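Here's a quick briefing to read with the model open. Have a look at it first, then work through the notes below.

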Amino acid sequence: MKHILSRLTGAFAIALLSIGIVVAQPKANTGINVPVTYYKLPNGLKVVLSPDGSAPLTTVAVYYNIGFRIEPRSRTGFAHLFEHLMFQGSKNLGKMEYIRLVESNGGVLNGSTRFDFTNYFAVVPSHKLETLLWAEADRMRGLDITQENLKNQQGVVGNEVKVNVLNQPYGTFPWIDLPMTAFTNWYNSHNFYGDLKDIEAATLEDSKDFFNKWYSPKNAVLVVTGDFEEKDAKVWVDKYFAKLAAQTPDPLPDISEPRQTEERSMTRTDKLAKKPAVGFGWQMPKRGTPEYYAMGLIDQIMLQGEDSLLYQELVKKKSYTSGVNGGINAGLGHMFNYNGPMLISGDLIHDEKFTAKEILASVDTVVEGLQNKPVEQAAIDRAIVKLRSGLYDTMQQFGGVGRADLLACYALFDDKPDNINQIEANFRKVTPALIQATAKEYLRKTNRTIVMINVETAAAEGGVQ
Amino acid sequence: MNKGQNRLRKRAASSLIFKDLMSKLFLRLCVFAVILTLTAIATFAQKETPPAGGQPKPFVFPATEDYTLPNGMKVTLVQYGSVPKVAVQAVIYTGTKDDAKGKKAVSEMTGSMLKEGSKARTAEQIALDTAKMGGSLNVGVGTDSTNVRGEVLSEFDAQFINLLADVMLNPSFRQKDLDRLKANKLRQLAVARTQAGTLAWEKFREIVFAGHPYEQINPRDEEVNAYSLDDVRKFYAANYGASKTHLYIVGKFDQAAVKAAISKAFAGYAKGTESTRNVPTIAGKRSLTTINRADAPQSTIYLGMPSPSATDPDYVKFVVMDSLLGGSFGSRITSNIRENKGYTYSPGSFIWNRFKTGYWIESADVTTEQTGNSIKEILFEINRMRNDPVPAAELQGIKNYMAGLYVLQNSTRFGVIGQLENMNYNGLDKTTIDNYVRRVLAVTSADVQAMAKKYLTEDRMTIVVVGDLAKVNEQLKPYEVQ
């Protein structure tokens with residue numbers, strides 16, 4: 001790859017790092033080669049441009065380096081509530097106007113809150129790129145919301161928690177239960193969907209503070225993917241974003257977890273559930289290490305697909321269940337879009353005639369197989385093919401949003417969006433011996449957390465009137 | 001990759017587009033449960049006006065090659081996209097509509113059994129072979145069609161066709177697999193019956209399609225317990241066959257090699273019988289039905305009326321009306337009960353379409369205390385649509401949205417297959433696809449109002465509410481049928 005550094009554009013100095021298309025490997029059908037242009041505006045905003053003309057659509061995604069992990073201690077669920085507030089009005093776009101602007105221009109939009117970022121994205125017909133950049137810049141400058149808007153979204157978010165958790169069987173299982181049980185640092189172990197009382201207690205003052213702390217250009221990355229001309233995009237990005245004030249975000253708190261040395265478990269009775277369930281998770285190696293990539297392959301070998309060891313053991317051989325869910329960062333993303341302590345986990349719903357104990361004994365058998373002898377090279381090859389195929393899907397997901405997601409995370413967490421083109425090479429370095437060593441250290445029982453869902457024996461039956 | 005299916009997540013009724021495209025990446029904590037829509041930009045008094053953008057680029061649906069094998073199986077090939085992957089989908093026109101009375105979902109069990117092994121491969125070999133191709137293989141059974149589909153890296157295009165044909169044509173149908181799948185089905189049913197959304201939708205279907213196979217979504221436990229291997233074998237023999245199968249290949253692939261592979265792999269596929277249609281007669285009688293869910297913090301509402309089918313001249317006009325009313329985020333009902341009142345997170349309308357059949361449904365999970373008010377506001381918005389013409393700017397906005405969404409819908413391999421399959425299922429031709437955007441853009445304010453007046457009538461309205469009846473019954477009094 002080539003680096004072309006530093007040039008002047010108008011009045012603003014822009015450090016420009018342009019990564020040309022990575023030279024294709026001998027076999028054209030291997031490897032991911034995504035064009036990446038990366039630079040920063042003087043106010044600190046990171047910008048990634050990655051054109052792809054396969055459909056007349058353009059995606060604009062803004063990721064802020066603020067996830068629910070580091071929301072205020074007295075305000076669980078606030079990072080997510082705030083995400084909703086970002087749709088409630090800014091200087092030039094009143095309530096509903098951002099949404100209508102996107103939709104009436106033929107686009108779709110959404111936002112989401114994750115462990116380590118909050119994102120906002122829209123996919124529009126490609127001739128509407130400038131319109132969208134203007135709108136994103138408008139809300140990056142600041143919000144203009146009322147007490148009434150806040151109250152409305154507290155109602156909406158309260159209903160979101162009800163529909164996804166409180167009125168659902170297995171509502172917090174395992175996606176909230178597992179991290180809350182496994183981690184010891186509050187930042188990783190609190191209820192990030194939020195207690196309803198915390199959500200209801202939020203004030204306009206809280207949202208001002210939160211915006212000032214975290215929502216500055218310096219704490220964000222803007223990604224444009226899809227069908228566009230780079231020179232046009234650069235002009236518009238400059239025009240609408242360069243004038244936003246620079247502001248230094250708060251330093252990030254310590255989110256580290258100590259090495260886990262004993263198994264943890266939690267059992268809960270779910271009034272709505274009629275079948276028991278069990279989930280199990282292990283703390284991941286640090287992101288970006290050789291062991292992290294080894295665990296990525298273990299995920300493919302052990303958990304993903306019907307060829308996986310756990311599917312074959314728990315579904316086919318033992319008939320405990322019809323499927324095993326799980327993975328790395330399961331339920332809230334994947335192994336490439338987080339930046340802190342994380343779990344690799346599996347979960348399943350089973351009949352009462354099987355106990356969690358015997359199911360976990362079967363899981364042990366699979367894990368011991370990985371710990372006791374090196375996997376065959378064929379298993380690694382198959383895992384890499386699955387990963388590569390899955391990456392192609394991610395790249396073209398939802399009009400380019402999947403590609404923007406990877407680029408944003410590598411820019412935000414590593415300051416190197418072109419890492420997207422190194423993913424496969426990093427997996428190819430993994431050896432059978434490294435997989436075995438990783439399984440021994442990280443799939444230890446003392447690094448494991450179990451959550452179990454019990455059912456009430458005499459649950460009230462609903463009747464039809 | 002494939003995941004187990006016993007985790008039945010929250011209903012995502014409204015937008016199939018959203019569900020298909022977003023399911024893997026954006027599961028949780030999204031600001032909107034579904035992508036919904038609307039209107040025009042308000043006037044920006046003393047504000048900056050958004051830059052208008054450039055000129056739209058034309059979107060052309062990709063070219064297809066269509067042909068029929070000597071045994072009657074139809075084939076459609078589409079070179080599409082830039083990614084080295086290929087999607088393969090066989091659609092067999094059989095489904096739960098063909099289940100015998102008292103044997104509901106034997107059709108589904110037959111589909112599931114296909115993956116349990118062929119005469120040449122064990123289930124584990126099927127899984128391993130698929131994984132080696134970077135692929136997935138799924139069987140889905142609906143009311144009218146069974147889909148056997150997957151996608152693999154392009155380099156394995158012909159190999160995957162061989163595998164798919166083997167699974168479809170040579171199932172081993174063994175007792176021990178059936179026993180395990182029956183236990184799985186019973187467990188999944190037990191989970192489904194604890195979900196408010198499932199209960200509401202099941203009841204709604206039972207009411208509006210009474211007497212037709214569409215009335216029953218799920219089998220009863222007794223029915224599942226009684227499934228025999230003989231039932232599965234008989235269903236397969238009677239309902240699978242080349243003359244009711246359409247094979248789609250979309251993506252990057254070697255056209256000549258794929259055609260040769262198809263001819264060879266499906267040569268032994270018996271012709272079978274022609275598919276039959278069974279169009280329901282819909283009465284659309286006014287009713288209110290409640291199901292108790294003690295202590296539920298929300299009520300799940302399904303409210304709907306019969307609507308024009310995909311072949312009806314009213315269809316495109318109705319879809320525009322639906323997008324304005326409840327089918328988009330900026331839509332009137334969503335603006336009202338979510339963004340104004342805060343009663344709910346995930347309201348939305350959708351159109352349930354089958355051959356010559358349609359139903360318009362608004363569904364929402366609303367906070368228990370606001371159940372009656374939510375219905376009141378939904379009806380208020382329906383009546384506003386019936387009584388007042390839609391302002392020009394609001395209408396233009398929704399038309400732009402639908403035109404843009406159409407490009408997005410057709411920007412994936414399975415999106416392209418879905419579009420073609422929908423056309424073939426309904427007996428329509430390519431002009432339906434080519435003219436869609438033009439027809440959307442031609443809809444007038446008078447058309448929209450006429451659609452609401454003609455179809456959204458309270459005398460044909462079915463309402464189902466699942467909630468805490470101790471708190472809800474009183475609120476529902478005004479909607480009881482007199």
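Predicted model: local features only at pLDDT ≥ 70, side-chain atom pairs only at ≥ 80, totals over all residues.

Residues are numbered from 1 along each chain as its sequence is written, and chains are lettered from A and ligands numbered from 1 in the order in which they are written.

**Confidence**
- Averaged over chain B, pLDDT is 90, and 90% of the residues score at least 70.
- For the complex, the predictor gives an ipTM of 0.89 and a pTM of 0.91.

**Chain B overall**
- Chain B has 18 helices and 11 strands, counted as DSSP runs numbered from the N terminus (helices are H or I, at least four residues; strands are E, at least two).
- With a radius of gyration of 23 Å, close to the 23 Å that the globule rule gives for 482 residues, chain B is as compact as a globular protein of that length. The radius is taken over C-alpha atoms, and the rule is 2.2 Å times the number of residues to the power 0.38.
- The C-alpha atoms of chain B fill a box of roughly 65 × 55 × 40 Å along the principal axes.
- Of its 482 residues, 51% count as buried (20 or more other C-beta atoms within 10 Å of the residue's own, with C-beta atoms placed from the backbone).
- Take the contacts in chain B between residues at least 6 apart in sequence, and 80% join residues at least 24 apart.

**Helix α10 of chain B and its partners**
- Helix α10 (residues 315-325) of chain B packs against helix α13 (residues 392-409) of chain B at about 105°, with the axes 10 Å apart. Axes are lines fitted to C-alpha atoms, for helices over the stretch in contact, and angles run from 0 to 180 degrees between N-to-C directions.
- That angle makes α10(B) roughly perpendicular to α13(B) (65 to 115 degrees).
- On the α10(B) side the contact uses V320(B), S323(B) and L324(B), and on the α13(B) side E394(B), I398(B), K399(B), Y401(B) and M402(B).
- The axes of α10(B) and helix α17 (residues 445-455) of chain B come within 9 Å and cross at roughly 90°, so α10(B) and α17(B) are roughly perpendicular too.
- Here K317(B), F318(B), V320(B), M321(B) and L324(B) of α10(B) meet D447(B), V448(B), M451(B), A452(B) and Y455(B) of α17(B).

**Chain A and the interface**
- Chain A has 16 helices and 13 strands.
- Its C-alpha atoms fill a box of roughly 70 × 65 × 45 Å along the principal axes.
- Buried residues make up 57% of the 465 residues in chain A.
- The contact between the chains takes 90 residues from chain A and 94 residues from chain B.

How values were computed. Parallel < 35°, antiparallel > 145°, perpendicular 65-115°, else oblique. Contact = placed C-beta atoms within 7 Å. pLDDT = per-residue confidence, 0-100. Buried ≥ 20, exposed ≤ 12 C-beta atoms within 10 Å, placed from the backbone.
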